[in-house]
Amino acid sequence: MIEENLKNILSELPSGVKLVAVSKFHPFEAILMAYQAGQKVFGENRPQEFYRKVLQLPQDIEWHFIGHLQTNKLKLVLPYASLVESIDSFELLDAVQRWGVAHDKVIDALLELHLGAEATKGGFTETEIEQVLSNTYSHVRFHGLMGMATNTDDESVIRADFKRIQDFKLHLNAEHPELSDFTELSIGMSHDWKIALEYGATIVRIGTAIFGPRQY
């Protein structure tokens, strides 16, 4: 089933769009099934679970961290993540910068824009992201934006959220031509990834549509 799900999704993804298989809450066996089917990029959102899986699963997996990262858990994530998709506050950004300096490592990251209507979702405002990009972070390399649309069945709301983040990224690219690596737009999950493709997604984060309901 996992192999078939992957095949179906990949057949609809345009060239140049990266599929992150969101493996949070799923056991090693399910991840290995996806890996053996050819999937090499996986996303986790809890530091302890991320760390366990990184150490025990194949070493050529490209791991993305996609959840809220507490500043006291950096050591579980930053040595291993190919991309931290969820830099969502100045406090976290400053902590990642300090960690990078201390460990002589540049962290590849996306800035999370608060998109959805839910107040519980994290992320920067547009103004705060403008502030971030006007500063210099020697050990954080910004590759683009990440966002989650409002959790709703109203497609017009989802489209409005995706249009907002797409327009903002285009604005940032125009305002900051020096940021040559600022190319990624990580939007779209199991229920809305096809819509996200219409708004310039370069990364889609899909879990349930690959693995089925969470296992634990």
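Me: Arg-205 in β8 is the bridge partner of Val-20. What makes β1 and β8 a pair of strands?

Reply: This is a predicted model. Two strands pair if there are at least two bridges between them. Strand β1, residues 18-22, is joined to β8 by 4 bridges. The cut-off is at least two, so β1 and β8 count as paired. The two strands run parallel.

Me: Which way do the residues of β8 point?

Reply: Strand β8 covers residues 203-206. Ile-203 and Arg-205 point one way. Val-204 and Ile-206 point the other way. All of these are buried.

Me: Why are α6 and α7 called roughly parallel?

Reply: Take helix α6, residues 126-134, and helix α7, residues 155-175. Their axes cross at roughly 25° and come within 12 Å. Angles under 35 degrees count as roughly parallel, so α6 is roughly parallel to α7. The crossing of α6 past α7 is right-handed.

Me: Which residues meet where α6 and α7 pack?

Reply: From α6 come Glu-126, Ile-129, Glu-130 and Leu-133. They meet Arg-164, Phe-168, His-171 and Leu-172 of α7. By class, this contact has 4 nonpolar, 1 polar and 3 charged residues.

Me: How do you know whether His-139 is buried or exposed?

Reply: Its relative accessible area is 17%. Buried means under 20%, so His-139 is buried. His-139 sits in the loop between α6 and β6. Beyond its neighbours within four places in sequence, His-139 is in contact with Gln-97, Gly-100, Val-101, Asp-104, Lys-105, Val-106 and Ile-107.

Me: Asp-104 is on that list. Why is Asp-104 called exposed?

Reply: Asp-104 has 69% relative accessibility. Exposed means over 50%, so Asp-104 qualifies. Asp-104 lies in the loop between α5 and β5.

Me: What makes the phi of Asp-104 worth a remark?

Reply: Most residues other than glycine have a negative phi. The phi of Asp-104 is near 50°, a positive value, and Asp-104 is not a glycine.

Me: What is the phi of Phe-25, and where does Phe-25 sit?

Reply: Phe-25 has a positive phi of about 70°. Phe-25 is not a glycine either. Its place is in the loop between β1 and α2.

Me: How do you know whether Phe-25 is buried or exposed?

Reply: Phe-25 has 13% relative accessibility. The limit for buried is under 20%, so Phe-25 counts as buried.

Key: Residues are numbered from 1 along each chain as its sequence is written. This is a predicted model: local features need pLDDT of at least 70, side-chain atom pairs count only at pLDDT 80 or more; totals for chains, interfaces and linings use all residues. Side-chain values use heavy atoms; hydrogens and water are left out. Buried means under 20% relative accessible area, exposed over 50%, partly exposed in between (1.4 Å probe, protein chains only). Axes are lines fitted to C-alpha atoms, for helices over the stretch in contact, and angles run from 0 to 180 degrees between N-to-C directions. Angles under 35 degrees count as roughly parallel, over 145 as roughly antiparallel, 65 to 115 as roughly perpendicular and the rest as oblique. A crossing is left-handed if the near helix is turned anticlockwise from the far one by less than a right angle, and right-handed if clockwise. Contact means heavy atoms within 4.5 Å. Ala, Val, Leu, Ile, Met, Phe, Trp, Tyr, Cys and Pro count as nonpolar, Asp, Glu, Lys and Arg as charged, and the others, Gly among them, as polar.
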